[in-house]
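This report describes one protein chain, taken up feature by feature. Please keep the structure open while reading.

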Amino acid sequence: MTTPLSPPPPPDDRITITCLYCAKPQEVSRRAMTVTCKYCNRSLRIEDIRIKEYQARRTIDTCGVVTVEKKGQAVVDKIHCGGMIVRGKVKGAIVSRGPVLVGPEAEIRGDVKAPMLAVGAGAILEGNYEIGHRDKVGEWLAARPPPAG
């Protein structure tokens, strides 16, 4: 007697994103372009953005990665993103939930707040930079043993 074969499990078609506004993680479909946060009800863009030429905008908001190519130039009030790669020029504030990678010929004029920053030799940076999480630094300092003396 033959036993019926069970169907193969469905492919994992979900990804976890973190809301740009309330910082709460949630699962969404891998194919989704935009979703509404189930905690703060704000609209979230999930797709990656690639800037290849001059663009002037008020804001760029995405949970994905913003890439400014060599010939790209972004003039914005604020970029709020999941990660950023800069090979061209950016003028405006950047708030990133992921790493900000700056190429050797890139130029950033504006404040940057990110958990990690990698800068190529020769890049031009102008503004205030807040790298890392202050709460993590406080936890690290509290966990250290007191100095001997």
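## Cysteines

The model is predicted, and the distances below come from its atoms. The cysteine sulfur closest to that of Cys22 belongs to Cys19, and the two are 3.6 Å apart, too far for a bond. A disulfide would need the sulfur atoms within 2.5 Å. Cys22 is partly exposed, at 26% relative accessibility.

Cys37 is buried, since its relative accessible area is 1%. The structure as a whole holds zero disulfides.

## Overall make-up

The chain has 149 residues, 30% of which count as buried. Its secondary structure consists of one helix and 16 strands. The accessible surface comes to about 10,000 Å², and carbon and sulfur atoms account for 54% of that area.

Contacts between residues at least 6 apart in sequence were also sorted by separation. Of these, 7% join residues at least 24 apart.

## The parallel sheet

Five strands form an open sheet with parallel pairing, in the order β5-β7-β9-β11-β14. The edges are β5 (49-51) and β14 (117-119); each has a single partner strand, so one side of each is left without a neighbour in the sheet. Ignoring direction, neighbouring strands of this sheet are turned by 5° against each other on average. Strands of a sheet pair through backbone hydrogen bonds, in a parallel or an antiparallel sense.

The parallel pairing of β5 with β7 runs over three bridges, and within it Ile51 has Val68 of β7 as its bridge partner. Strand β7 (residues 65-68) then pairs with strand β9 (residues 83-86), in the parallel sense, over four bridges. In that pairing, Val65 stands opposite Gly83 and Thr67 stands opposite Ile85.

## Nonpolar cores

Which residues have the most contacts inside the largest nonpolar core? They are Ile51, Ile60, Val66, Ile79, Met84, Val90 and Ile94, in a core of 19 residues. At least two residues of this core come from each of β5, β7, β8 (73-81), β9, β10 (89-96), β11 (100-102) and β13 (112-114). Strand β8 gives the largest share, four residues. In soluble globular proteins, nonpolar side chains tend to be buried together.

Leaving aside residues up to four places away in sequence, Ile51 touches Ile60, Val66, Thr67, Val68, Glu69, Gly72, Gln73 and Ala74.

## Glu27 in strand β2

Glu27 is found in strand β2, which covers residues 25-29.

Beyond residues up to four places away in sequence, Glu27 touches Arg14, Ile15 and Thr16. Glu27 and Asp13 are 14 residues apart in sequence, and their C-alpha atoms are 9.9 Å apart in space.

## Loop residues with positive phi

Two residues in loops have a positive phi without being glycine. One is Ala23, whose phi is near 60°. Ala23 lies in the loop between β1 (14-18) and β2, and with a relative accessible area of 39% it is partly exposed.

The other is Asn41, with a positive phi of about 60°. The loop that holds Asn41 runs between β3 (34-36) and β4 (43-45). At 59% relative accessibility, Asn41 counts as exposed, because the cut-off for exposed is over 50%.

How values were computed. Residues numbered from 1 in each chain as written. Predicted model: local features only at pLDDT ≥ 70, side-chain atom pairs only at ≥ 80, totals over all residues. Heavy atoms only, no water. Buried < 20%, exposed > 50% of the residue type's maximum accessible area, 1.4 Å probe, protein only. Contact = heavy atoms within 4.5 Å. Areas by Shrake-Rupley, 256 points an atom, 1.4 Å probe, with all protein chains shown as cover. Pairing = 2+ DSSP bridges. Axes fitted to C-alpha atoms, helices over the stretch in contact; angles between N-to-C directions. Core = buried A, V, L, I, M, F, W, Y, C linked by side-chain atoms within 4.5 Å.
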